[in-house]
Amino acid sequence: MTPSFAERLIAWHASHGRHDLPWQVSDPYRVWLSEIMLQQTQVTTVLSYYARFLERFPDVAALAAAPQDDVLALWSGLGYYSRARNLHAAARMVMERFGGTFPRDPAALAELPGIGRSTAAAVAAFSFAVRTPILDGNVKRVLTRWAGIDGFPGERAVEQRLWRLAAELLPADAAAMPAYTQAQMDLGATVCTPRKPACMACPLADDCAARREGRQHELPTPKPKKTVPERSTVMLLIADDAGRLLLEQRPPTGIWGGLWSLPEVPTTLEAEAAARTRFGLEIDPGAAGAELVHVFTHFRLTITPLPARVSGHAPVLRESAGRWFSRAEALAAGIPTPLRKLLARA
DNA sequence: AAATCGGGGCC
DNA sequence: GGCCCAGATTT
């Protein structure tokens, strides 16, 4: 009798899986934090952020008690800043609704902001050995290949089929859930990789549909692609006599939500008027610096940096709309990556 | 169902 | 330059 899907994965994980990751613990706070950081972010990138974050916020109570700016500052550079805002909000909900103790029910976990079905399942499986399936990018890749499932996994029908299959393949023994869940992630990350999968090292190769049909490189079916729009903006580097820069906090939602960034105008022509109306500052713009291209998933942003010196005050002074940051203060704050690059230039 | 959210690693 | 990554939320 050949071992089951789950049995083979667990046996493979025991000898070939990753066992040294810092979030491989049963503390739901640490598991949750790692899962959020690992959403769309690779393990090697997360490691240093995770250590720094835990040092500053060792438990959910410490995180809940912190100001949002502190949380965003530690998140700066990781991207998808709604993750940080949701993390903070969820910490406060855990304190208020659950007295600081994470629920073990995946459905309850999924009601916390930033925790979807798969992340909730991962937290429950790792922390409490709940018998519930995950379906992240790794698992989607493993399952579409092993079962030979065609169609983009982002489509509802395909995704539903994958969830059903993931549930059917769960190990019988709930105690095996932490190892089984980790095994799926590790197999996807180290063997069943997007390019050049190491099928010779795969415990599922014997009955893998994609391997049998030579379709490893066709599955999962890629997302239909579209052309990305181009956008441009001018970022004002307004400096005072002390050389400090004027930053403003971005709206809580949207791109770089809640982060501190440079004031922006559509074109250099609007710079002086914007400084006057928004901040009550008279400025003397210099020559525009070299353009900086920043690529997002869904558009390309060309940034023109425009340095300017404060030359006086308008009748109505509104510096409260912004805040003066020294270079060191700016680098320590929650700022988007392009600003970090601009600060590194001079 | 599609769009919105970033940034880094990798080929 | 394109694709990928331990996705969730909004529209």
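UniProt, in an unreviewed entry, lists residues 37-190 as "domain: HhH-GPD". UniProt positions follow the numbering used here, feature names are shortened, and annotations may be inferred rather than shown by experiment. The end C-alpha atoms of residues 37-190 lie 19 Å apart, and the span is 65% helix and 0% strand. Helices (H or I, at least four residues) and strands (E, at least two) are DSSP runs, numbered from the N terminus.

This is a predicted model, in which local features need pLDDT of at least 70 and side-chain atom pairs count only at pLDDT 80 or more, while totals for chains, interfaces and linings use all residues. Residues are numbered from 1 along each chain as its sequence is written, chains are lettered from A and ligands numbered from 1 in the order in which they are written, and side-chain values use heavy atoms, with hydrogens and water left out.

**DNA strand B**

DNA strand B is surrounded by 20 residues, the closest being Tyr80, Arg156, Ile255, Trp256 and His294. Of the atoms of DNA strand B that come within 4 Å of the protein, 61% belong to sugar and phosphate. A residue is near a strand if one of its heavy atoms lies within 4 Å of it. By class, the surface near DNA strand B has seven nonpolar, 11 polar and two charged residues. Here Ala, Val, Leu, Ile, Met, Phe, Trp, Tyr, Cys and Pro count as nonpolar, Asp, Glu, Lys and Arg as charged, and the others, Gly among them, as polar.

**DNA strand C**

DNA strand C is surrounded by 25 residues, and the closest are Glu35, Gly114, Thr119, Asn138 and Arg141. Sugar or phosphate supplies 59% of the atoms of DNA strand C within 4 Å of the protein, and bases supply the rest. The surface near DNA strand C divides into 10 nonpolar, nine polar and six charged residues.

| Residue and atom | DNA atom | Distance |
|---|---|---|
| Glutamine 40, backbone N or O | base nitrogen, DNA strand B | 2.8 Å |
| Threonine 41, side-chain N or O | base nitrogen, DNA strand B | 3.1 Å |
| Glycine 77, backbone N or O | sugar or linking oxygen, DNA strand B | 3.1 Å |
| Glutamine 40, polar backbone atom | phosphate oxygen, DNA strand C | 3.0 Å |
| Glutamate 35, polar side-chain atom | base nitrogen, DNA strand C | 2.8 Å |
| Asparagine 138, polar side-chain atom | phosphate oxygen, DNA strand C | 2.7 Å |

Helix H9 (137-147) and H11 are the elements that give two or more residues to the surface near DNA strand C. H9 gives the most, with three residues.

**Helix H8**

Helix H8 (residues 117-128) has 12 residues and reaches 16 Å from its first C-alpha to its last, close to the 16 Å expected at 1.5 Å a residue. The expected span is 1.5 Å times one less than the number of residues in the helix. In H8, 10 of the 12 residues are buried, so the helix is largely enclosed by the rest of the structure. Buried means under 20% relative accessible area, exposed over 50%, and partly exposed in between (1.4 Å probe, protein chains only). Among the buried residues of H8 are Ser118, Thr119, Val123 and Phe126. The buried residues of H8 pack against helix H2 (28-37), helix H7 (106-109), helix H10 (156-168) and helix H11 (177-190), where contact means heavy atoms within 4.5 Å. Just after H8, alanine 129 takes a positive phi of about 55°.

**Helices H5 and H6**

In helix H5 (residues 68-75), the buried residues are Val71, Leu72, Ala73, Leu74 and Trp75. They pack against H2, helix H3 (43-56), helix H4 (60-65), helix H6 (82-98) and helix H14 (327-332). H5 is followed by glycine 77, with a positive phi near 105°; a backbone atom of glycine 77 also contacts DNA strand B, as tabulated.

Histidine 88 belongs to helix H6 and counts as buried, at 5% relative accessibility. Not counting residues up to four places away in sequence, histidine 88 touches Leu63, Ala64, Ala66, Pro67, Gln68 and Val71.

Threonine 304 is found in strand E7 (residues 300-313) and is buried, with a relative accessible area of 14%. Leaving aside neighbours within four places in sequence, threonine 304 is in contact with Thr233, Val234, Met235, Ala288, Gly289 and Glu291. Threonine 277, in helix H13 (residues 271-279), is exposed, with a relative accessible area of 56%. Threonine 277 and valine 316 are 39 residues apart in sequence and 8.4 Å apart in space, C-alpha to C-alpha.

Notes: A polar contact is a pair of N or O atoms within 3.5 Å; within protein, one must be able to donate a hydrogen and the other to accept it, and residues adjacent in sequence count only if both atoms are side-chain atoms.
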